[in-house]
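Please look at the sequence and the structure shown here.

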There are 2 protein chains.
Amino acid sequence: MLMKQATQRYTALRRSIVEVMSKSSTPLTIGDLLRKLPKVPQSSLYRNLAVLEQAGVAVRVKTSGDTGRYELSERLAGHHHHLVCSRCGSMKDIVVPSSVEKRLDDSLHALAKSEGYVMQHHRLDVVGVCKKCR
Amino acid sequence: MLMKQATQRYTALRRSIVEVMSKSSTPLTIGDLLRKLPKVPQSSLYRNLAVLEQAGVAVRVKTSGDTGRYELSERLAGHHHHLVCSRCGSMKDIVVPSSVEKRLDDSLHALAKSEGYVMQHHRLDVVGVCKKCR
DNA sequence: TTCGGTGCAAAGGGTTTGCATTCAC
DNA sequence: GTGAATGCAAACCCTTTGCACCGAA
């Protein structure tokens, strides 16, 4: 599968990282991952996340300024976006109606082309205030 | 104006930071800013960017993992999004047709509400490959 | 005179790396 | 057996902070 073609090994640790991510409905911070994977040294976590990212298995989510967040790539988790609380920084996956997605995507493709870019994909974050923070 | 109501001074340095940002059609990295503002110590730049951000004048853009990027807030620069090159990381401002924006925004408002969030705004990045990187 | 702003240098904190050891193929 | 993976600790790098001095109201 994905790991094979990247000439990397799918070790027990990598397997467990993927498993933890697949059970979460939100991108996880390094802290979250360390908490859910006791006894894993930070360096191993970072290194393996980098490997998983290169292999196209995981993605680093850029929305939170402070610490890194990771989730499974869309190839594995499906296309989705994030709802982000501007107060506490918590995130939640959301799926936008495909009709809206399509129209947006068409529009963005054209825009990118007119600027001399070849579009690959889009990222969308919805920023708001969650229930707890109100 | 914005600085006044934040009980902060609109000093020469702050003025020049804002001026540099207003002349750019892309968010600027700390490095960019230091280059365009010679002799300004990093610490002063960082401190002033923080002040400008608090005052609602500038915004820290989250898309690049490595170093911070800043641009004028939408209140000053207008609503727009970013075209990002996945190879070199360069960014460019883009404006999406308002009809598409509206439909998207309506849809996102509803989605956020159904998840228990009060939506504030959305962020959208178009990721692709720029002319130079192809 | 007072309080914010500035500069320099040092401290912080998340992330990365060097190196010797262990493990998977 | 060989090259990748792992752990620990040290190094990195961007960013923040302490502190003394300067400047505007």
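Which residue in β3(B) stands opposite B:Thr29? In this predicted model, the residue of β3(B) opposite B:Thr29 is B:Arg69. Strand β3, residues 69-72 of chain B, runs antiparallel to β1(B), and two bridges join these strands.

Helix α4 of chain B, made of residues 42-54, packs on the sheet and touches β2 and β3 of chain B. Its direction makes about 110° with that of β2(B). The sheet itself is open and has three strands in chain B, in the order β1-β3-β2, with antiparallel pairing. Its edge strands are β1 (28-29) and β2 (58-61) of chain B, each of which pairs on one side only.

A further helix, α2 of chain B (residues 12-22), lies across β1, β2 and β3 of chain B. The helix α2(B) runs at about 90° to β3(B).

Next comes the packing of the helices on each other. Two packed helices are described by the angle between their axes and the distance between the axes. For α2(B) and α4(B), the axes come within 10 Å and cross at roughly 75°. Angles of 65 to 115 degrees count as roughly perpendicular, and α2(B) and α4(B) are therefore roughly perpendicular to each other.

On the side of α2(B), the contact is made by B:Leu13, B:Arg14, B:Ile17, B:Val18 and B:Met21. From α4(B) come B:Ser44, B:Leu45, B:Asn48, B:Leu49, B:Val51 and B:Leu52. Sorted by class, this contact of α2(B) with α4(B) has eight nonpolar residues, two polar and one charged.

Technical notes
Residues are numbered from 1 along each chain as its sequence is written. Chains are lettered from A and ligands numbered from 1 in the order in which they are written. This is a predicted model: local features need pLDDT of at least 70, side-chain atom pairs count only at pLDDT 80 or more; totals for chains, interfaces and linings use all residues. Side-chain values use heavy atoms; hydrogens and water are left out. Two strands pair if DSSP finds at least two bridges between them. Helices (H or I, at least four residues) and strands (E, at least two) are DSSP runs, numbered from the N terminus. Contact means heavy atoms within 4.5 Å. Axes are lines fitted to C-alpha atoms, for helices over the stretch in contact, and angles run from 0 to 180 degrees between N-to-C directions. Angles under 35 degrees count as roughly parallel, over 145 as roughly antiparallel, 65 to 115 as roughly perpendicular and the rest as oblique. Ala, Val, Leu, Ile, Met, Phe, Trp, Tyr, Cys and Pro count as nonpolar, Asp, Glu, Lys and Arg as charged, and the others, Gly among them, as polar.
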